[in-house]
Amino acid sequence: MTLRGQLAIISIPVIAFMLMPVMVVLGIAFGESANFEFPPSSLSLRWFYSFMETAGFSDSLFYVSLPLGIASAAAATAIGTLAAIAAVRFRFVSNRLLELLFLTPLIYPQILMGVGLFLLYARLNITPSLLTLGGAHVLIGCPYVVRTVIAGLVGIDPKLEEAARNLGASPVKAFWLATFPLLRSSILSGAIFAFIVSFSDINLALFLSIVNTVTLPVQIMSQMRFVSDPTIAAAAALQIVVISALLVIVNRLIGLVRP
Amino acid sequence: MSSVSPRLDHPVKYALFLPYAAMIFCFLIVPMAGLVEVSFRQQSSVRITGLGFTLANYARVGDPFYLGILFDTLRLSMISAAMAAILGYPVAYVLARSSGRAKTVLIVAIMIPLMTSVVVKVFGWYIILEPSGVINALSRAVGWGRWNLLHNEIAVVAGLVEFSLPFMVLSLSASIERIPRNVEEAAGNLGAGPWRVMARVVLPMSRAGLLSGYLLCVGVSSSAYVVPAIMGGTRVRMVGQQIYDDVLVGFDWPSASAMSVVLVLILSLIFYAAMRIGPKAA
């Protein structure tokens, strides 16, 4: 048997371990039983109805997490796209330094970003709101946009833009008419990643969300200790379903294999 | 990133880059500077950001109790990262050497746990391990009784390993992909069996990915809060929990700041040392 075949067999339990918590959450949420039975013996959507009827959960999804994710993804997409264009098309003092700057929000411990901002807002007397949490979400979403847009830009044939220039278009117009339309799926994919990052964030929201801006992950975290029925599993399952669906869309748009 | 079209030099580049730079400045650099400043202040009940100047907060980090927390944090993170490397290597190899549909399915299976909120995954672990959870239901069914599986180091390590695995697999497979397949074939043609090819060719040639994956995992684990807080309870304590409690429970901001600064320094030091002595990353 080939090396790949042997390692594939070893990989199966590892992948099962990786997916186990996600599978258990889905199983409990879509199961009929109220006793956290896994695997479920019969399926039902009752815990999702219960989720919708529980104000704490449905409010945090519809009035906090979704608008927050959409708005911060939009801002991160604009900021990240501009920065990516600058990095690919222009010469900077050090393009390595630029790469480091694009990496920083990814590797800087999020919990420290949360503490730092919490202290800063308190010091400046800024009342925490969706805007103050959103700002932080924009920053952690940017690197994903930058990455996908850079990958998209590098893959576009520069001859298209040259042709537009030769036909008399200004540099900006040539970029806008020849290159930008080809960049749309990369930009959309970056936006989806930025949304997911905001939608699943806990480390920043833990410090920056207050009573009326409780995001879905924070709600799940705070209810976990008082868990009485699988409504909370439905909340967690919604996260998984939304994120998985979005990943499938990204895969259709640009392919996850070469992110 | 290779420059496909000739790189331009025009002042407009600063305008394009400015919004991102402003975000980094406002949401990363300024808060970090604030942490450093507060870490030198005395805790005070009149001003929450502290008064005067003191080194006492750093002296507290040297106290055996807090030193123990730092030590446990690094110990658990390093164990988890090592286990993630061992478990993740076969998956990374299969991913790197797959193509087409198999590769897409594999990458989705890795991306879903990567992008799902850590809270959701920890909740999954919670219902697997808790006293009336999935494992205990099985255990009671076969007559083994009830076990307390949460709130110990093994539970925390399991959570951290699961949390780190996707990072490890992606980092490793990027570096395995760069090894030309014909190098493996050549070793095979010269008579090496599959495991010998693995040990003598693939493993040494993917050292850079192994190192960067390991560091990435130590980094994400040592600043974790949710995993140790839920799976370790009050029995296992890591730096993230201490900082969280100092800020939101004890209102001791100067101490939390000092702990944060120490954590950043330790992580930077580890990364720097590994980059100097480790194999050059490709």
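**View 1. The salt bridge across the interface of chain A and chain B.** In this predicted model, the rule finds one salt bridge across the interface of chain A and chain B, where a salt bridge is a side-chain nitrogen of Lys or Arg within 4 Å of a carboxyl oxygen of Asp or Glu. The partners are Arg123(A) and Glu37(B), whose side chains meet at 2.8 Å, N to O. The largest share of the side of chain A that touches chain B, 18 residues, comes from helix α1 (residues 3–29) of chain A; helices (H or I, at least four residues) and strands (E, at least two) are DSSP runs, numbered from the N terminus.

**View 2. The contact between chain A and chain B as a whole.** Chain A gives 90 residues to the contact and chain B gives 85 residues, contact meaning heavy atoms within 4.5 Å. The area buried between chain A and chain B is about 8400 Å², with carbon and sulfur atoms giving 80% of it; buried area is the accessible area (1.4 Å probe) that two parts lose on being put together, summed over both.

**View 3. The helices of chain B.** Chain B has 13 helices and zero strands, and its C-alpha atoms fill a box of roughly 75 × 75 × 30 Å, taken along the principal axes. Among contacts in chain B between residues at least 6 apart in sequence, 69% join residues at least 24 apart. Of the 282 residues of chain B, 52% count as buried, where buried means under 20% relative accessible area, exposed over 50%, and partly exposed in between (1.4 Å probe, protein chains only).

**View 4. The surroundings of Ser39(B).** Ser39(B) lies in the loop between α1 (12–38) and α2 (56–61) of chain B, and counts as buried because its relative accessibility is 0%. Apart from its neighbours within four places in sequence, Ser39(B) is in contact with Thr54(B), Asn57(B), Tyr58(B), Pro254(B), Ser257(B), Ala258(B) and Val261(B).

**Notes to all views.** Residues are numbered from 1 along each chain as its sequence is written, while chains are lettered from A and ligands numbered from 1 in the order in which they are written. For this predicted model, local features need pLDDT of at least 70 and side-chain atom pairs count only at pLDDT 80 or more, whereas totals for chains, interfaces and linings use all residues, and side-chain values use heavy atoms, with hydrogens and water left out.
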